[in-house]
Amino acid sequence: MKLGIKLIRDMKQSAGQFLAFVLIVAVGAFFYTGLVTLSDNLSAYTKAYFQAHNISDLNVYYSQITKEEAAALSKTEGIKKLEGRYTFDATQSFEGYKTSIKVHSLPANNEINTPAVTEGALPSRLGEILLDSHYAKEHQYRVGDEIRIRTNDKSRTFTVSGLGENVEHAKKNEIQDHQTYGFAYVSEETIPLLADGFFYNEIMIDAQDGYDVDKLGKSIQDRSQSQSLPYLNQISKERTFSYSQLTATIHNNRLMSQVIPIVLFLIEAIILFLTMSRTIDSQRNQVGIMKALGVKNSSILLHYMGYPVLVGVAGSLLGFAVSAFVFVPFVTASNARSYSLPGIEFSLSVYSLLPPILFASAFGMISCYFSGRTVLKERAAQAIRPKPPKATKRILIEAVPGVWSRIPYSYKLILRNIWLNKQKALASSVGVVGSTVLLITAFGTQTALQKVANQIEKVYTYDLRVDYKVGSTANTITLPSGIANRYVLATLPVELVKENRTEKADLVVTEKENSLVHFYDDKDNRIDLEDGGVLVPKSYADKYRISEGNQIQIRFTAPELAHKTVTMKVLGISSQYSNPSFYITPSYLESFGLVYTPTSLLVAADRPADVGGIRTLFEQDPQVEAIADKTDLRKAAQYILKQNSFIFIMFIICAVVLSFGAIYTISSINIYERNRELATLKVLGYPKSKINRLIFLENSILTALAIIIALPISGYMYANVIKALSSTHQQIPDKLTISVLAISSILAFLLTVLSNLLLRRKVVRINMIESLKSVE
């Protein structure tokens, strides 16, 4: 009981140090609970959401196919369920802009890609439509309203029967633009009105559990060709934009939830271990008193172990609370902007408190054990008496003739103290090194994120990108006037085959003269696309150890390309931070006996003023699927920053808090351990301001040494963090800039200054008589 009272008293006497400890633990707990909640909740929800609404495993496209022909296809081996529908594109005109709406017919007994109705009901008769709830909100449509859309140069009016969302449209486009893009569903009875007859142009397939979807796709293509069906294309679930983007996000969030908290926990462990060890050593006289009063060694050790346990519990609870009020609301809002996932909720699990509590407590208790074990071996009388001061030795600089005599006395004190207490100075530097490394990593990651966003406009310099519908080709399109440059391209689904492993990827085929797409190596030097090989994204090259001049195997996964596997020569490694793809030329593709059919067009206008008119002409082309311009590129870049900046800004703030906590606690212990020396200076008539200046200079020297040590370590640490956060589908720059190193170093000094200002009162409170009682 009395030891418990002493523990509370110790915390009150060093309230600032205790608070700094709590903040250190709270930082790790905040990130751990927040990121784990984001990763686990999003993963669990999407798995249940996709299963509940039965997202299709494969979508097959035809120019048209009858109900009977679709039913015949359902007998193909591997198909569990097959449904046909009619899909078309519609537009709406508003003041100053147009919108695109993807409209699907609903099968009579819909069981695949079933809509999630949020208001109203499904369309049950002719003239009714289920509208995308987000699109409806942007344009103030409600259930019962009439909506007029235009398709195939005809206007149609529908009544909104309900509002909803769908698993296949969880992610609409890069920036999740609800204002200019939406989707809708109409009843099957509406098909003859829209298509001048009853037929389907899309087949949704639910594959049997465990059946190879690629094999199923090949079987369907072969069967379609044998039955002379007008087959166009197909796309698996993993290749759809919405599903691939969502799964990539879940993967990246899982990586962040593992990497960032571990980095923070390791820094915490170093700081807690150092400070707790020195705290016990500084209280050796109190240990001696407890031994003299008959308190068992085990009880004394448990008493000191209670301190890090309380710190771990208090810090974890604080981090948990801040995460609940800051992290979770932001994640909820950010997810709502990024994806359409009806009813998703993010809530912290109480079990997420356990790892930070156990981690902080364990390292604190370990440090208490090793430090306390040494003190407890001493006899009570010996422990009560303060340690005799160390004998002063000549330091190396004193041997240099004419140097030592010219150094002011204050600086001699600082140099002698650092040399006399080399182990303690080193321990202090370790904490500052860890904090500085964390600051550099945090600022470096945020800078890298900015570079990812900036590269989009640097790589793509076109004015417009025009994507054509399935079955259309960009080679046969009539172009409007006012175009300075134009290049076609095609994006093919492939797999990289390496050492019995496969990795899905995109292969972009375009002319080597294409001046609207630029490629750069890891040193930001331009590289060119040539006919004799393939440009490999650095993200894939790093993972699979691919170098320039290597041979790699590429498997074409589209059934129309016969799943052909070819060997390609690596021309170069291209740094592609966003949407990394393999690049080859049409002639290189055709050298493998494959046909090049471009599906997209990149356009550069003669003048910026011509872009609007050219876009309008393309929008009137019924073969055009989608159009993107420079504004969309800028929005995509801003979207990347906006969606990811919160986590890394919080990472920076937490790094600052953690660094301040480390520097403050270490400086506080340094002052406590030097009470005798500082009291001597006060007796000799040194003013308080001069003593504080001495402490500040000494701490600044230690900080400077720590920064010098931290710089090479931070490069290694940053590279490993970036490597852990990167994947084949996301490359993050791993080069630190001079500005990042400079800002982090300056901030470390500023935190040292702030710590010294807050610790000035400790010097004032030093009791000169008590501090000078010691063994001479």
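Helices (H or I, at least four residues) and strands (E, at least two) in these legends are DSSP runs, numbered from the N terminus. The model is a predicted one: local features need pLDDT of at least 70, side-chain atom pairs count only at pLDDT 80 or more, and totals for chains, interfaces and linings use all residues. Residues are numbered from 1 along each chain as its sequence is written, and side-chain values use heavy atoms, with hydrogens and water left out.

View 1. The unreviewed UniProt entry gives "transmembrane region" for several spans, among them 348-370 and 694-718. These positions are in the numbering used here, feature names are shortened, and annotations may be inferred rather than shown by experiment. Take residues 348-370: this span is 74% helix and 0% strand, with its end C-alpha atoms 35 Å apart. Residues 694-718 come out as 100% helix and 0% strand, and here the end C-alpha atoms lie 34 Å apart.

**View 2. Helix α10, end to end.** This helix covers residues 354-376. The expected span of a helix is 1.5 Å times one less than its number of residues. Buried residues (under 20% relative accessible area; exposed is over 50%, partly exposed in between, with a 1.4 Å probe and protein chains only) in α10 include Pro-356, Ala-360, Gly-364, Cys-368 and Leu-376.

View 3. Four strands line up in the order β2-β10-β1-β11, with antiparallel pairing. Strands count as paired if DSSP finds at least two bridges between them. β2 (79-85) and β11 (231-236) stand at the edges with a single partner strand each, so one side of each has no neighbour in the sheet. Neighbouring strands are turned by 20° against each other on average, direction ignored. β2 and β10 (residues 200-207) are joined by six bridges, and Leu-82 has Ile-205 as its bridge partner in β10. Helix α6 (residues 213-226) lies across β1 (58-65), β2, β10 and β11, at about 15° to β1. Axes here are lines fitted to C-alpha atoms, for helices over the stretch in contact, and angles run from 0 to 180 degrees between N-to-C directions.

**View 4. Rings that pair up.** Rings of Phe, Tyr and Trp (its six-membered ring) pair if their centres lie within 6.5 Å; planes under 30 degrees apart are stacked, over 60 edge-to-face, and the rest tilted. Phe-30 and Phe-31 are both buried. Phe-183 and Tyr-185 are edge-to-face too, with centres 6.0 Å apart and planes at 80°. Phe-183 is buried at 3% relative accessible area, and Tyr-185 is buried at 1%. Tyr-45, Tyr-49, Phe-50 and Tyr-243 form one aromatic cluster.

**View 5. Contacts across the sequence.** Contact means heavy atoms within 4.5 Å. Ala-380 sits in helix α11 (residues 380-384). Neighbours within four places in sequence aside, Ala-380 is in contact with Gly-288, Lys-291 and Ala-292. Val-656 belongs to helix α17 (residues 630-673) and is partly exposed at 23% relative accessibility. Again leaving aside neighbours within four places, Val-656 is in contact with Leu-439, Leu-747 and Leu-751.
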